[in-house]
Amino acid sequence: MGTKVNLDRRNFLIGGVAAGVAGVTVAAIHDGELGAPPQTIRGSVPWKEGTADAPPGATGSGYVYFTTVEAAFIEAAVGRLIPNDPVGPGGVEANVPFFLDRQLAGPFGRGDHYFLGGPWPKGTPEQGYQSRFSPAQLYRAAIVAIDQYVGANLGAAAFSALATADQDKLLKGLESGDVKLDGGVDSKSFFAMLLQNTKEGYFSDPIYGGNKDMGAWKMIGFPGAHYDYKEWVSRHGERVPYPTVGFKGRPGWTEGS
Amino acid sequence: MTTTLKPVDAVLVGFGWTGAIMGQQLCDAGLSVVALERGPWRDTATDFATGFAQDELRYMWRHHLFQNVADDTLTIRNNVNQDALPMRRLGSFLLGTGVGSGGVHWNGQIWRFLPTDFLTKSHNQQRYGKKAVSDNDLTVQDWGITYDQLEPFYDQFDKLCGTSGKAGNLRGEILPGGNPFEGPRSYEYPTPPMPQTYGPTLFGKAAAELGRHPFPHPTGNMSEAYTNPLGVQMGACTYCGFCEKFGCGNYSKASPQTTVLPYLLRKSNFTLKTECEVLRVELTPDKKRATGVTYVNSAGEEFFQPAEMVILSAYVLQNVRLLLLSGIGKPYDPKTGEGVVGKNYAYQTMSSVNVFFDDKIINPFIGAGALATVIDDFNGDNFDHGGLGFIGGAYIAGMVTGGRPIEMIYTPEGTPAWGLEWKHAAAKNYLRSFSLSIHGSCMSARGNYLDLDPTYRDIHGRPMLRMTFDFTQNDHKMSNYLTDRAAEVAKAMNPREIKLNRRTGSWNVTPYQTTHNTGGAIMGDSPKNSVVNKYLQSWDVPNVFSMGAGAFPQNAGYNPTATLAALAYLSADAIKSQYLKAPGPLVRG
């Protein structure tokens, strides 16, 4: 919360979102639930014209969180998690690394929705995430640890310097937990987070920086942010001909259309 | 420094479904009521407008409407021999916060429990013998009320929500098109059932061919425009496929915002305070009476709100924690089986079957929270459990709530989770697959309970709640049997292939299962076996009432909302007709 901005819905839909929420993306907002001032409500439903809890889209270009070394790892890994081919875009082609950068630079990366307090004993697999690291810290520590592992065991300078077959093999080792990492990094936890975040960047609305040109949605046939399918409910088995659309519209949308 | 405020007749702790219902009922009876909600104010037009409500990343994966575990979480373990550790990230269940709470981001699946579900112990014992209700350390109990006693209040909630559906049992007459296994309803649903999309239609056809009894899922997603008895209007659902985890931008999903608040907020005897978290219920020195609640707001200011009645209307886990923190009732001890607060925590036993077609376009993105065709043939005691080794059951639903691509892409058995093979499977199957949901009961057991954690504390310095839980052998057997029944229907649809996602192993906090936590403040017929009486009134402190699914002695194979809402109406009715005339225990312990 705390992100309510004046917002003209039409401008928002047509592409004013970046301007509307500029500064929100990487600014220190705590979008948790105890961030707003206390309010006493009596007599009517409070409502203010032109206000909306607008989504915090990504802005700018280039990396603001990843270092050059980290970016090399991320681009290589995302390219293997979702490779590019004629069926649909790869993770890199869909701008997932940029999405990850903005996510890690913001509230998600800071762990604003994680409980990170101690103590931090190792838990059972059923107890889930038990690291002291916020997501941004985990990425940072994991990339160092993986490149160290590569240097010590695979004779290359970094993960990004490996042949793709070897990258796949190492990623599988992280996924299964067979590859053990230094620096207090649980390889399975990191891989699970990286894969989840990669799919988030691939399939989320393009306002967050990934899913470039809605290519991932087009690949699977998801029409995007439509909100009325009433006339198609009973038309079983037919392809819905709606063009793919995101919050900021789609190519071909113009003022007044 | 605590500021003491002007006394009120009733204070509501938490403002989701039960808070809204109790607020409306008690204000209409003329009481002065203050509701304290620890989360923010939320309103359809501002917070989940149709221009940006369909945002899977923000709401589902970044938890924008959910409780923030950074501020408050609980600790978890599977059994008493483990050390409980904090749930550091939401996963298995997605807790609500803010005005409307889980009532904002639920699916709108509106179910009544079966008449025999209220008699879990006595009915099953009579039909299957004593072992059936005590093996596997089960601690199931009867509720202390019957379906017939609750029915008028189920009906009241249906009318509030405008529930869309088709009655299967109208005053004892079995009607075609509805659920023939349901308890008798006094009235037909307020609005007709939703039309079914392709997936649920295929499921219903296959189920009927197998001799099952398919019917449309009863739903709080409106099939048509509706005006409820409070004069609040809802619009017809547009099937956008963003219900659960999302607010409805279209005023089509029943929630406190769309059914109660426009009416309640106009009443001069009602006040809602947001960003105000209750720390504890204050008691007189003899602990026989509550004097009010102490709360702290987001500015850090502390207040004492005196009240004649304290209504705990927060989520199950918060209500139980407040009872424990305030010293109301004797905490449960799993070693001795004595004590009641925290006893019989239960959950929901979920599994699913994915169905893949080559030749059928399912269009999963056309969805709604309760858009499903269901069979209830294997729920509760609707079938003979003789020789099966378990009690309870599940509904099986051919359900398409949406096709949100981060969460809901199904890939065939053996598909890796990443790489080209995964991408190709996603591209091939997204439009041509859907899932059957097996929504199973969860029987309470001796080792499953809630208490206060000895190590971890919240931002206010209070002990976190500690959850000790695992699925019992009873529930594993039930879930396997029910998953096989679902697979039969799946195969009868003649798909290319199916994939069974069985409920295996211990309860795991990471994958989302369902936000149907129950028990811990259970109702019953005696202070020896329960925290509250059949009117949800504390046996120990009679001016404290504890709402919600915490009252369920075990969980049935249905979504809990209608039952907990009906219990709130029943409680309000008893308060208005009996308690206000003679404040004190409504049932002698």
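Two strands count as paired if DSSP finds at least two bridges between them, where strands (E, at least two residues) and helices (H or I, at least four) are DSSP runs numbered from the N terminus. One bit of housekeeping: residues are numbered from 1 along each chain as its sequence is written, while chains are lettered from A and ligands numbered from 1 in written order. And mind that this is a predicted model, in which local features need pLDDT of at least 70, side-chain atom pairs count only at pLDDT 80 or more, and totals for chains, interfaces and linings use all residues.

**Exercise 1.** Work out the strand order of the four-strand sheet in chain B, then look at its hairpin.

*Solution.* 
- Step 1: the order is S5-S4-S20-S19 (chain B), an open sheet with mixed pairing.
- Step 2: S5 (85-86) and S19 (449-457) of chain B sit at the edges, each pairing on one side only.
- Step 3: S19(B) runs antiparallel to S20(B) (residues 463-468), with five bridges between them; in this pair Leu450(B) is opposite Met467(B).
- Step 4: five residues separate S19(B) from S20(B) in their hairpin, and Gly461(B) in the turn has a positive phi of about 85°.

**Exercise 2.** Describe how H2(A) packs on H3(A).

*Solution.* 
- Step 1: get the geometry. The axes of H2 (residues 68-81) and H3 (residues 96-105) of chain A come within 9 Å and cross at roughly 130°. Axes here are lines fitted to C-alpha atoms, for helices over the stretch in contact, with angles from 0 to 180 degrees between N-to-C directions.
- Step 2: classify it. That angle makes H2(A) oblique to H3(A) (under 35 degrees is roughly parallel, over 145 roughly antiparallel, 65 to 115 roughly perpendicular, the rest oblique).
- Step 3: list the residues. Ala71(A), Ile74(A), Glu75(A) and Val78(A) of H2(A) meet Val96(A), Pro97(A) and Leu100(A) of H3(A); contact means C-beta atoms, placed from the backbone, within 7 Å.
- Step 4: sort by class. The contact has six nonpolar, no polar and one charged residues (Ala, Val, Leu, Ile, Met, Phe, Trp, Tyr, Cys and Pro are nonpolar, Asp, Glu, Lys and Arg charged, the others, Gly among them, polar).

**Exercise 3.** Characterise the contact between chains A and B, and say where chain A calls for caution.

*Solution.* 
- Step 1: chain A puts in 75 residues and chain B 85 residues.
- Step 2: on the chain A side, H7(A) gives the largest share, four residues.
- Step 3: that side has 40 nonpolar, 19 polar and 16 charged residues.
- Step 4: strands take part too. Three bridges join S2(A) to S11(B) (residues 270-274), running antiparallel, and Gln39(A) partners Thr274(B).
- Step 5: check pLDDT, the predictor's confidence in each residue from 0 to 100. Chain A has a mean of 87, with 85% of its residues at 70 or more, but residues 1-34 of chain A stay under 50. Where pLDDT is low, the predicted coordinates should not be read in detail.

Methods:
Contact = placed C-beta atoms within 7 Å.
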